[in-house]
Amino acid sequence: MTFYVENEIHAEYPFDIEKIIESAVIATLKYERCNYDAEINVLITDAEKMKEYNSCYRGIDAPTDVLSFPAVDYIQPADFSIAEDDKNSYFNPETDELVLGDIILCHDRIISQAKDYGHSILREFTFLIVHSMLHLLGYDHMNEEDEKLMFFHQDQIMNELGISR
């Protein structure tokens, strides 16, 4: 597995962000039965830059906690057959890794949401990685049924990681 982390604001956390990202990514891929080595990019930014990204990519002029940019055009969540059928489009030819996409995390929201929800920064950071990974695997929460499924998977993965609210 390859993941690139760019901490463009040099945010500091009371844990090793690369180890946490790796464990959250591995747990999510294992839970979703992804049999491929994967490639993911993670950017950590502040509220000001996140507002710019959110405005540019979603047309929403406000910061958000996380943005996800899936690289695979799933028909069904975590159905990797589309990638298998079109390896040239979805796999890195140099590494043979499945390119899943990009995640942008907002440091300011990680800190404020941890405080607002009364849990640790570790829990919030990990949760946002798991949440975003599920988006990279084709899950969404645009309607009630999809939301229930995605949130159930989120909870199961967080429990497997031993990180609860």
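Select the lining of the largest pocket and colour it by class: 10 residues are nonpolar, eight polar and seven charged. Here Ala, Val, Leu, Ile, Met, Phe, Trp, Tyr, Cys and Pro count as nonpolar, Asp, Glu, Lys and Arg as charged, and the others, Gly among them, as polar. A pocket is an open set of points on a 1 Å grid over the protein atoms alone where a 1.4 Å probe fits, with protein on both sides within 12 Å along at least five of seven lines; lining residues have an atom within 4 Å of a point. The space in this pocket is about 560 Å³, a volume filled by probe spheres set on the points, which are joined across faces, edges and corners. Centre the view next on D65, V66, H131, H135 and H141, the closest to the pocket centre of the 25 lining residues.

The model is predicted: local features need pLDDT of at least 70 and side-chain atom pairs count only at pLDDT 80 or more, while totals for chains, interfaces and linings use all residues. Residues are numbered from 1 along each chain as its sequence is written, and side-chain values use heavy atoms, with hydrogens and water left out.

Now show the elements that give two or more residues to this lining: helix 2 (47-58), strand 3 (66-70), helix 5 (107-117), helix 6 (121-136) and helix 7 (144-161). Helix 6 provides the largest share, six residues. Helices (H or I, at least four residues) and strands (E, at least two) are DSSP runs, numbered from the N terminus.

Move to strand 2, residues 38-45, where seven of the eight residues are buried, that is, under 20% relative accessible area with a 1.4 Å probe and protein chains only. Strand 2 pairs in the parallel sense with strand 1 (residues 2-7) over six bridges; pairing requires at least two DSSP bridges. Select N7 to find it opposite I44 in strand 2. Strand 2 also pairs in the parallel sense with strand 4 (residues 98-106), over eight bridges, and L43 stands opposite I104 in strand 4.

Finally, display the whole protein, which has seven helices and four strands in the order β-α-β-α-β-α-α-β-α-α-α. Along its principal axes the C-alpha trace spans about 45 × 35 × 30 Å. Buried residues make up 45% of the 165 residues.

Methods: Buried < 20%, exposed > 50% of the residue type's maximum accessible area, 1.4 Å probe, protein only.
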